[in-house]
Amino acid sequence: MSWGTELWDQFDNLEKHTQWGIDILEKYIKFVKERTDIELSYAKQLRNLSKKYQPKKNSKEEEEYKYTACKAFLSTLNEMNDYAGQHEVISENMTSQITVDLMRYVQELKQERKSNFHDGRKAQQHIETCWKQLESSKRRFERDCKEADRAQQYFEKMDADINVTKADVEKARQQAQLRHQMAEDSKADYSSILQRFNQEQWEYYHTHIPNIFQKIQEMEERRIVRIGESMKTYAEVDRQVIPIIGKCLDGIVKAAESIDQKNDSQLVVEAYKSGFEPPGDIEFEDYTQPMKRTVSENSLSSSKEGKPELKFGGKSRGKLWPFIKKNKLSLKLGATPEDFSNLPPEQRRKKLQQKVDDLNKEIQKETDQRDAITKMKDVYLKNPQMGDPASLDHKLAEVTQNIERLRLETQKFEAWLAEVEGRLPARSEQARRQSGMYDGQTHQTVTNCAQDRESPDGSYTEEQSQESELKVLATDFDDEFDDEEPLPAIGTCKALYTFEGQNEGTISVVEGEMLSVIEEDKGDGWTRIRRNEDEEGYVPTSYVEVYLDKNAKGAKTYI
C-alpha cells in the first residue's frame, strides 16, 4: 500500500489530511499542558492545606502534638506534603518529556510538510507547463495545415484559370509549397513536443508524485507513531510516581498504627496531675449540745461579730485547694509568679525543671561562644598580623557576664525545684555534669554552690583567672594561605554563630550558613572553609559544626 500509487490524483486531499494530523498533535499538546497546570495547581493546594494545619511555633497548639494521635496527624500532614511533591514531579516530567518534545517536533513536522508539498506543487507546475507547450504546438500545426490546404487550393484554382498569367501561377505555386513546408515543420515540432510531454507525464505519475507522496506518507506515519509514544510516556510518568505515592500512603498508615491510647492517657495524667492527696473523711460536728457548739477549726468561714456562722465542708475545701486564691489573684493581675507557685506541685515541678534545662542550654551556648572568642584571642596573640587581641576583650567580658547571670538564674530555679521535690537544694546529676563541663572549659566556680547558698535569691562570687582563660593550645598558620591549587572538600559545616572575618586570612559567616570544609582543625582552634569555589578562609572551629566525609582523603572521624 502506497499513497503514491493509490492516491496519485489526491494531492489536495492529502494536503488537507496532513494539516488535520498536525492539528490533532497540537490539540494533544494542549491537553498535556492543561494536565500539567492541573497537577501544579493540585500540588499547590495540597501544600497550602498541609501548611494550614501545621502547628504554629511557640503556641499552645504545638504543645498538643506530644500526643500520639496528634503526632500521627502531623505525620499525615508531612506525607501529604511529599504527596504534593509527586504531583509536581508529574507536571515537570510531562512538560519536559512530552510538551517540550512534541512542540519541537511539530515545528519540524510543519517544515517537512511544507517542503514536500512545495516539491509536489513544483512538479504539478512543470507538467502543466509541458501540457501548455503541447497544446500550443498542436494548435500551430493545425493552423499551418489549414493554411497549406488553402494555399494548395488557391494554386490549383490559379493554374486552371487561363486568364491568369504564368507569373501569378508560379507565385501561387511557391506560396503553396511554402505553406506545405511550414505545416511539415509544425508537424515535426508537434510530434517532438508530444513525445517529450508523454515522457514527462510518465515520470510525473510514476516517479515524481509517488516519491513525494511516499515521503508525505512516511511523515504522517511518523507523526502517528510519535503521538502513540507520547501517550505511553504520559502513562509512564504517572506510573513512575505510584511507588513513592504508595510510600506516602504507607507512611500515613504507619503513623495511624503508631497511635497509643494508653500513652496518650498517661500524658494527660502528667499534664494535669496536681500532686495533692485525696481529701480524708470529714469529721462529725455535734451541734445537739448548745453549750458545746463550736466552730470547726478547719472551717474557712468566720463571724465578724463573734457569732459563729456555720458552713459545712469548710475543712475539705481548706485542705484540698490551698492555692486557688493565689492562682485566681495572679490571673486577675495578669502576671505569673516567677517560681510558678500558682501551679499545683507536680505541674510546678515540671515547669521549674523545664526552666532549668533551658537555662543550661543557654549557658552551654554562651560557653561555646566564649571558648571561640578565647581561642581567637589566643591566635591573635600568637599572630598579631591577623588582628588585635584587645578588640575581643569587650565581647569576652560581655559573654562572661551573661554566663554569670544565667548561672545565678539556674541556681535560683534549682533551689525552687529542690523545695518542690522536698529535698535539700542540690543539683541533679545532669546539671552537675553540665556544670562540670563548663568549669573545665572556662574558669573555677564556687565549690558546692548549691549547698552553700542560703536562699534562692542569694548571690556568690567566683575567682577568675584571665590568663588561664586565654591559654589554649594553638599552632601557627604557616603559609597555608599561599596554596596554589584549591584543596578538595573533605566535608561540610554549619555556622552556629555569626563571625565577622575582618582580618587577613579569615572569612565572614552567617549563623545557619552551610559551607564546605577543606581543612580541619589542626589544634589551633581554626577550621579552613570555602564558599562558592572562589572564596575561602579560616573561622573559629567552635563557631561551626563540622560534618566530615568519611570517604574524603585525610578526613578524621569525630565521636
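**Figure 1. Overall view of the chain and its surface.** The chain exposes about 36,500 Å², and carbon and sulfur atoms supply 51% of that; accessible areas come from the Shrake-Rupley method with a 1.4 Å probe, and for residues only the protein chains shown count as cover. This is a predicted model, where local features need pLDDT of at least 70 and side-chain atom pairs count only at pLDDT 80 or more, while totals for chains, interfaces and linings use all residues. Residues are numbered from 1 along each chain as its sequence is written, and side-chain values use heavy atoms, with hydrogens and water left out. Of the 559 residues, 35% count as buried (under 20% relative accessible area; exposed is over 50%, partly exposed in between; 1.4 Å probe, protein chains only). You'll find 13 helices and five strands here (DSSP runs numbered from the N terminus: H or I with at least four residues for helices, E with at least two for strands). Among contacts (heavy atoms within 4.5 Å) with a separation of 6 or more, 72% come from residues 24 or more positions apart.

**Figure 2. Strand 1 and its two partners.** Strand 2 (residues 514-519) runs antiparallel to strand 1, joined by four bridges; strands pair if DSSP finds at least two bridges between them. Look for T492 with its bridge partner S516 in strand 2. Strand 5 (residues 544-548) also pairs with strand 1 in the antiparallel sense, over five bridges, and there C493 has V546 as its bridge partner.

**Figure 3. A nonpolar patch around F73.** L49, Y53 and F73 make a nonpolar surface patch of about 280 Å² (residues with over 30% relative accessible area and no salt bridge, nonpolar side chains Val, Leu, Ile, Met, Phe, Trp and Tyr joined within 5 Å, like charges within 9 Å; a salt bridge is a side-chain nitrogen of Lys or Arg within 4 Å of a carboxyl oxygen of Asp or Glu). F73 sits in helix 4 (residues 68-160) and counts as partly exposed because its relative accessibility is 37%.

**Figure 4. K355 and F413.** K355 belongs to helix 9 (residues 345-382). With 33% relative accessibility, K355 counts as partly exposed. K355 and F413 are 58 residues apart in sequence, yet 7.3 Å apart in space, C-alpha to C-alpha.
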